[in-house]
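This briefing goes through a multi-chain model by topic, from confidence and chain architecture to interfaces and the nonpolar core.

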Amino acid sequence: MNAAASTQDPPRAIAFWRTAAFFLLWMLLMQSLKRADLVMGGFASIGATWVSLRLLPPSSGSLRFSRLLALLPHFVWESVLAGVDVARRALHPGMPLRPGFVTCPLGFPPGFARNTFATITSLLPGSVAAGEVEGEIVYHCLDTSAPVVEQIWKEERLLARALVAGRHHG
Amino acid sequence: MKLILDLWTIVSVLAGAFFFFAGTVGLLRFPDSLTRLHALSKADNLGLGLVVLGLLPLVGSVAAGIKLIGIWLLVLLSGATASQWIARTLRQSGPGQ
Amino acid sequence: MAEFLVGAAAFILAMVALGLLRILRGPGDADRIMAAQLLGTGGIAAVLLLGAASGEAATADVALTLALLAAFAAFAFVKAKLGQASGESRPTDSQ
């Protein structure tokens with residue numbers, strides 16, 4: 001949620017960017033320029049930033065918002081393909097399914113970067129992240145004969161630019 | 001122009017309804033909870049996305065359209081987060097459920 | 001156009017109802033929380049369609065509230081479930 005902030009930025013800058021992002025979200029949802037609404041939005045953004053700094057301290061890692069935004073069309077398209085894939089399997093008379101778990105070793109250390117990666121890759125066709133075993137993400141797949149791991153590694157290379165790992169694990 | 005926009009709405013909303021249909025067929029046919037989770041999260045998210053796309057010409061302003069797309073992205077993100085955690089509890093409660 | 005949108009909303013709600021019948025049968029608790037997800041997504045689509053049919057802009061906020069409720073329900077469930085489980089790889093951080 002913190003725009004353009006990295007783990008190297010001072011805490012004050014991170015707090016500022018997060019507040020700005022929350023306020024932008026408020027404006028998007030409220031769509032009102034009345035003074036009372038703006039004041040409420042200001043308080044709400046500061047409150048949200050305070051909570052976010054406690055739940056997701058800057059040291060847990062961060063994401064480069066602009067780079068993630070640049071990848072948005074790609075992931076929207078992937079989720080379209082995912083919907084088509086599920087629909088095809090569901091409506092196919094023979095219902096081609098080979099469900100099973102696939103374990104995928106990844107470069108992202110545990111923490112915010114890996115969690116975000118697991119969430120985003122859950123949008124891909126045929127795979128949903130289902131926890132971790134010994135530092136590797138376990139995916140549940142609709143078709144274990146598909147090149148699931150290769151697909152996920154491809155996404156990892158794309159996302160490596162947008163997700164910044166934290167300074168310490170966890 | 002009105003005709004084209006109306007056509008856009010009808011085609012897109014019909015496509016959205018189709019994916020809700022496919023999602024429900026998946027829920028009824030797929031063999032276990034984890035595969036049903038795929039049907040639920042992926043087909044219905046796309047269905048909602050297409051419905052939103054179809055409704056865009058009907059909203060009064062660009063801002064209202066952005067808000068509509070924002071709602072879909074929020075559902076997409078929270079759906080992906082929720083379904084991976086549901087998948088995690090399903091895996092830990094054992095296969096074949 | 002309004003009739004078409006209402007018809008589409010009714011169709012989607014029928015699909016949601018059909019899916020709910022299947023999911024609520026279980027067998028596990030996870031199936032039941034999936035019902036909340038289904039009702040969230042399908043309900044949002046129906047609410048948005050009905051809102052567009054009636055020209056009522058405030059329905060977007062209803063949809064937003066539904067989205068948040070479905071998400072909170074899922075996380076409350078997972079939190080409770082993983083709290084019970086003694087199991088492996090218990091998350092230390094929930095995003």
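Helices (H or I, at least four residues) and strands (E, at least two) are taken as DSSP runs, numbered from the N terminus.

This is a predicted model, in which local features need pLDDT of at least 70 and side-chain atom pairs count only at pLDDT 80 or more, while totals for chains, interfaces and linings use all residues. Residues are numbered from 1 along each chain as its sequence is written, and chains are lettered from A and ligands numbered from 1 in the order in which they are written.

**Confidence in chain A**

- The mean pLDDT (the predictor's confidence in each residue, from 0 to 100) of chain A is 81, and 90% of its residues reach 70 or more.
- Within chain A, confidence is highest in helix 2 (residues 35-55), at a mean of 90, and lowest in strand 1 (residues 61-63), at 69.
- Over residues 1-7 of chain A the pLDDT stays under 50, although the model has 30 contacts beyond four places in sequence for this stretch; two residues are in contact if their C-beta atoms, placed from the backbone, lie within 7 Å.

**Architecture of chain A**

- Chain A has 5 helices and 5 strands, which follow the pattern α-α-β-α-β-α-β-β-α-β along the sequence.
- The C-alpha trace of chain A spans about 60 × 40 × 25 Å along its principal axes.
- Domain 1 (11-60) and domain 2 (63-165) are given by the domain assignment of chain A, the bounds coming from an automatic or database assignment, and their C-alpha centres lie 30 Å apart.
- Of the 170 residues of chain A, 35% count as buried, a residue being buried if 20 or more other C-beta atoms lie within 10 Å of its own, exposed if 12 or fewer, and partly exposed in between, with C-beta atoms placed from the backbone.
- Among contacts in chain A with a separation of 6 or more, 69% are accounted for by residues 24 or more positions apart.

**The contact between chains A and B**

- Chain A brings 25 residues to this contact and chain B brings 27 residues.
- On the side of chain A that touches chain B, the largest share, 8 residues, comes from helix 3 of chain A.
- By class, that side of chain A has 18 nonpolar, 7 polar and no charged residues, where Ala, Val, Leu, Ile, Met, Phe, Trp, Tyr, Cys and Pro count as nonpolar, Asp, Glu, Lys and Arg as charged, and the others, Gly among them, as polar.
- Thr119(A), found in helix 4 (residues 112-121) of chain A, counts as buried because it has 20 C-beta neighbours inside 10 Å.
- Leaving aside neighbours within four places in sequence, Thr119(A) is in contact with Ala80(B), Thr81(B) and Gln84(B).

- Chain C has 3 helices and 0 strands, and 41% of its 95 residues count as buried.
- Helix 2 of chain C has 26 residues, which at 1.5 Å a residue should span 38 Å, and the 37 Å between its end C-alpha atoms agrees with this; the expected span is 1.5 Å times one less than the number of residues.
- Helix 2 of chain C is mostly covered, with 21 of its 26 residues buried.
- The buried residues of helix 1 of chain C include Leu5(C), Ile12(C) and Val16(C), and the elements covering the buried residues of this helix include helix 1 (2-29) of chain B together with helix 2 of chain C.
- The contact takes 39 residues from chain C and 41 residues from chain B, and helix 2 of chain C gives the most to the chain C side, with 13 residues.
- The residues of that side of chain C divide into 29 nonpolar, 7 polar and 3 charged.

**The largest nonpolar core**

- A nonpolar core is a set of buried Ala, Val, Leu, Ile, Met, Phe, Trp, Tyr and Cys residues joined through C-beta atoms within 7 Å.
- The largest such core has 92 residues, and those with the most contacts inside it are Ile86(B), Ile44(C), Leu48(C), Leu49(C) and Ala74(C).
- Helix 2 of chain C gives the most to this core, with 14 residues.
- Beyond its neighbours within four places in sequence, Ala74(C) is in contact with residues including Trp85(B), Ile86(B) and Ile33(C).
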